[in-house]
Amino acid sequence: MSMKEVASWALNVCHARGVQFADCRIVDERQRGLATKNGKVGHAADSQSLGIGIRVLADGAWGFAATEDLARQGVELTAGQAVEIARASARVKQHDVRLAPEKAYTDDWTSPYQIDPFSISVEQNLDLLMKIDAELRAVQGITLAETNMNFRRYEQWYYSSDGADIHQVKYTTGAGYAAFAFAGAEIHKRSYPTSFGGQWQDRGYELIHELKLLENARRIAEECVALHRADQCPEGKFDIILDSSQLGLQIHESIGHPIELDRVLGMEANFAGTSFLTLEKLRKLKYGSELVNVVADARPEHGPGLGTFKYDDEGVPAQCTPIISHGLFTGYLTSRETAATVGLERSGGTVRGEGWNRLPMIRMTNVSILPGENKLSPEELIASTDHGIFFQTNRSWSIDDKRYNFQFGTEIGWEIKGGKLGRMLKNPSYSGITTEFWNSMDAICSREHWTLWGTPNCGKGQPQQVMGTGHGASPARFRGVKVGTAYKGN
Amino acid sequence: MLTKDKAQGTFDRVKKFSTADEIELLISGGRNALTRFANNTIHQNVAEENYVLSVRSVFEGRTARATTNRFDDESVRRCVLASEDLARVQAQDPDLLPVAGPEALSEGPAVGRAFVETAGITPADRAEGVAKIVQVAKRENLTTAGIYATSVSVEAVLNSRGLCAYHTQTSAEISVTMLAPDSSGWQKANSPDVRNLNPVALAEIAARKARESAAPQEQAPGRYTAILEPAAVLDLCGFMFWDWGGQAILDERSFLNNRIATQLFGNNVTIFDDVYHALQSGAPFDGEGVRRQRVELVEHGVPKRLVYARGTAERMRKSEHTAKVGPVEVTGHGLPLPNEIGEIPLNIVFAPPPEPKTVEQMVANTERGVLITRLWYIREVDPYEKILTGMTRDGTFYVEGGKVRHGIRNFRFNQSLIDMLKNVEEMGHPVRASGEESFDMVVPAMKVKGFNFTEVTKF
């Protein structure tokens with residue numbers, strides 16, 4: 001049986017029961033996770049999951065049901081359940097759901113990759129991880145070393161009652177490591193290439209080759225141990241420079257989430273929260289300084305980010321939406337439903353579900369800050385800073401439920417004095433109010449220092465869905481930022 | 001529902017395909033449904049049925065796991081083969097134990113947590129519950145958002161030494177947010193038995209909090225006496241139990257390293273892990289099928305015991321830490337192998353104080369303080385001093401002269417959890433509480449002196 005036939009069983013039931021719209025996604029997902037800890041295999045695991053999720057719009061309300069049973073009876077029963085659920089939803093509504101129009105596409109797309117990560121032997125992968133582990137633990141003072149490598153193949157068939165027929169395959173690769181040093185009353189940690197399990201992209205094994213994992217292990221371990229001798233990050237207002245991975249997370253939390261139109265419209269109020277970016281602020285709010293240009297770009301030409309695809313999970317083609325243009329707030333992340341609600345002609349194509357058994361919803365794609373147009377290296381940026389602090393690699397992150405007040409901590413900091421990197425600082429943190437912070441940005445490094453980071457662990461929705469998002473960034477400077485609050489009084 | 005017989009039948013098929021020295025099968029899954037509402041409308045409404053089988057193969061000190069949600073013979077065969085292929089290529093680990101024998105699942109108290117009333121809830125029933133919540137919102141000129149979820153789940157562990165552990169249970173959960181133009185209120189409850197949940201009562205409390213916190217005033221950050229409702233207590237305390245396993249000590253990533261048997265918290269703090277407690281939930285066995293024990297984690301402020309998976313207990317006995325960690329015994333808190341974490345106590349129960357106080361009594365006894373409904377986006381700032389940051393949310397009030405005076409703008413805090421549990425002045429009677437940052441617990445409301453609020457946000 002073909003996946004198209006399986007989908008037709010579902011769509012036929014929906015049609016027979018008089019729904020206004022239905023779509024279904026069949027997903028076949030394969031994952032491999034390998035990890036080591038202190039010279040041993042931490043875990044080695046493969047997993048596969050296959051099933052169908054059916055979404056229907058009936059009586060002006062949504063229903064969704066999913067099953068792993070792809071036999072005809074199971075699929076038809078599940079489609080009937082989705083219709084029953086939609087009709088139950090319709091008992092508590094204020095108005096009928098409307099969808100922004102979208103053409104029904106037929107297409108087949110695979111994310112570009114050079115080396116199928118599943119073709120590399122487990123022995124080879126574990127050998128690399130063990131070598132990194134040994135390098136980390138060769139540094140005296142390292143008390144815990146953890147490494148990881150993860151691969152995913154995500155194959156999806158999308159069909160709709162409008163006639164969409166889209167097949168997409170995505171490969172994801174991620175790898176990284178962390179060293180810990182416990183001594184006295186302090187535990188310090190250094191991660192590479194960044195925290196959250198390292199770097200993740202929608203690519204093949206070639207990413208592993210490019211990350212220079214082993215080459216950086218000794219330095220990372222030495223920095224971790226050295227943090228025990230470092231001075232405490234001072235408190236006060238400073239000019240700060242964020243490395244590109246920390247800036248990526250700053251974008252994620254203080255731009256990516258507040259621009260989700262479902263949040264703005266109150267649909268996430270019970271859990272993830274709402275947003276300060278209410279509708280009247282569009283094209284009026286000065287979100288950042290003139291140098292702040294941010295896009296939400298799911299198109300493959302943006303790069304192999306975790307938010308890259310050719311069509312979203314409503315069958316809408318990937319797009320590039322200007323979010324902040326020369327500091328002005330210019331766009332939201334939208335779905336077919338939310339676009340119609342606010343009177344847009346078309347969805348921005350940002351809807352994704354974690355798997356076959358989750359309802360697709362608005363998710364960040366690749367929300368990236370564009371690099372500076374004038375050539376500027378991190379070294380030149382530091383050289384032009386008289387007195388400041390350089391923050392590297394996220395350690396803690398928190399922001400309020402409207403996305404105004406944030407606080408971030410990083411694993412390591414460096415004092416900048418007279419245009420030069422000086423002493424190492426431990427426990428660095430900074431905090432602020434979103435728009436004040438972005439308006440204080442006065443320099444950003446150019447394209448050659450821009451990295452498209454992957455955030456594999458973005459949580460949203462009930463039941464909670466974990467999604468990968470992409471964030472391109474290059475190091476940038478912010479003036480007069482509050483530093484050190486995290487340890488104030490502790 | 002996947003019955004015990006079907007689980008056994010699946011294991012028989014797994015064995016047929018296995019060439020490993022030993023094999024273990026985990027089965028989990030069930031039926032989940034969740035009705036989600038916002039703007040006084042059901043806007044998302046989902047249901048799923050899914051089961052996974054997860055095979056762990058063992059060859060002389062080597063082990064790995066493969067998982068699938070396909071139960072046909074060919075998929076099971078491929079899953080077994082995948083776990084064997086992953087296991088075979090590893091270096092031998094001399095510390096890896098054989099799979100647990102059936103004696104590990106010794107007799108223990110029964111836990112009856114499957115209720116037909118919960119299993120029988122339909123989409124229409126959930127819609128009716130939501131409609132009642134919306135009625136409260138409309139009556140109060142508020143907007144409501146939340147969830148009403150029900151599930152039937154199964155967990156089973158079977159292995160080639162004859163262990164067979166099986167648990168099924170139901171769960172029901174309602175969470176309600178009420179939104180006013182410049183304020184909000186929130187309540188949440190969870191129980192295996194849907195009859196313990198009252199959507200209208202939750203909606204009324206959330207509505208009252210939204211109403212009473214309207215026109216919030218800005219209060220300067222600083223140290224205040226904080227009255228934390230149970231959900232706020234659990235969301236903070238949840239961050240420390242990840243450090244309570246023996247493996248965390250061995251890895252030297254726990255804030256309890258060098259602190260077991262010291263007076264770390266106040267004398268009034270006693271904490272158990274007890275899956276058998278009437279207000280608790282979950283299976284009475286761990287990820288290897290070992291029966292869970294009731295463990296006294298903290299006695300009068302002194303961390304007394306850790307929890308242990310089988311392998312961790314063996315490693316601890318041979319380690320340099322063993323003399324400093326109290327009794328070392330297998331407690332049935334292990335996660336499915338292989339894993340890096342080891343074990344976690346997930347059934348936390350705080351002991352009731354000799355003289356429990358209601359939140360109202362705590363307010364009446366407070367000259368100047370902050371009453372907190374709920375916390376949000378809590379993250380660890382410092383792993384050893386256990387400094388946590390986060391925000392208040394959905395009902396934060398200024399207390400003065402023994403009375404709740406008005407709503408205030410939400411605070412950011414940077415608070416050491418250790419210091420917080422040193423500074424508990426009053427406690428309520430422990431209740432089953434649900435939050436968003438941690439697992440459900442049986443916790444009291446707490447009045448804490450000197451809570452460290454460092455910043456204030458704009459709402």
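Me: What makes β13-β12-β11-β16 of chain A an open sheet, and which way does the pairing run?
Reply: In this predicted model, 4 strands of chain A form the open sheet in the order β13-β12-β11-β16. The pairing is antiparallel. Strands here are DSSP runs (E, at least two residues; helices are H or I, at least four), numbered from the N terminus. β13 (328-329) and β16 (367-369) of chain A stand at the edges with a single partner strand each, so one side of each has no neighbour in the sheet.

Me: How do you know that β11 and β16 of chain A pair?
Reply: Two strands pair if DSSP finds at least two bridges between them. Strand β11 (residues 294-297) of chain A and β16(A) are joined by 3 bridges. Therefore they count as paired. For Ala296(A), the bridge partner in β16(A) is Val367(A).

Me: What do the numbering and the pLDDT limits rest on?
Reply: Residues are numbered from 1 along each chain as its sequence is written, and chains are lettered from A and ligands numbered from 1 in the order written. The model is predicted, with local features needing pLDDT of at least 70 and side-chain atom pairs 80 or more, while totals for chains, interfaces and linings use all residues; side-chain values use heavy atoms, without hydrogens and water.

Me: How many residues of chain B and chain A are in contact?
Reply: Contact means heavy atoms within 4.5 Å. By that rule, 83 residues of chain B touch 84 residues of chain A.

Me: What is the area buried between chain B and chain A?
Reply: About 7000 Å², with 52% from carbon and sulfur atoms. Buried area is the accessible area (1.4 Å probe) that two parts lose on being put together, summed over both.

Me: Why is Lys458(B) with Glu436(A) called a salt bridge?
Reply: The rule asks for a side-chain nitrogen of Lys or Arg within 4 Å of a carboxyl oxygen of Asp or Glu. The closest N and O atoms of Lys458(B) and Glu436(A) are 3.9 Å apart. So the pair passes. The rule finds 8 salt bridges across the interface of chain B and chain A. Strand β2 (residues 41-59) of chain B gives the most to the side that touches chain A, with 11 residues.

Me: In which sense do β3 of chain A and β2(B) pair?
Reply: Parallel, with 4 bridges between strand β3 (residues 61-67) of chain A and β2(B). The bridge partner of Ala65(A) in β2(B) is Ala47(B).

Me: What are the domains of chain B, and how far apart are their C-alpha centres?
Reply: The bounds come from an automatic or database domain assignment. Domain 1 is 4-206 and domain 2 is 216-237 + 353-456. Their C-alpha centres lie 31 Å apart. Each domain gives 12 residues to the contact.

Me: What area do domain 1 and domain 2 of chain B bury?
Reply: About 870 Å² between them, 46% of it on carbon and sulfur atoms. In domain 1, Trp186(B), Lys188(B) and Asn190(B) lose the most area to domain 2, together 63% of what that side buries.

Me: How do you know that Glu436(B) and Lys188(B) form a salt bridge?
Reply: Their closest N and O atoms are 3.3 Å apart. That is within the cut-off, so the pair counts. β5 (164-180) and β6 (183-191) of chain B each supply at least two residues of the domain 1 side. The largest share, 8 residues, comes from β6(B).
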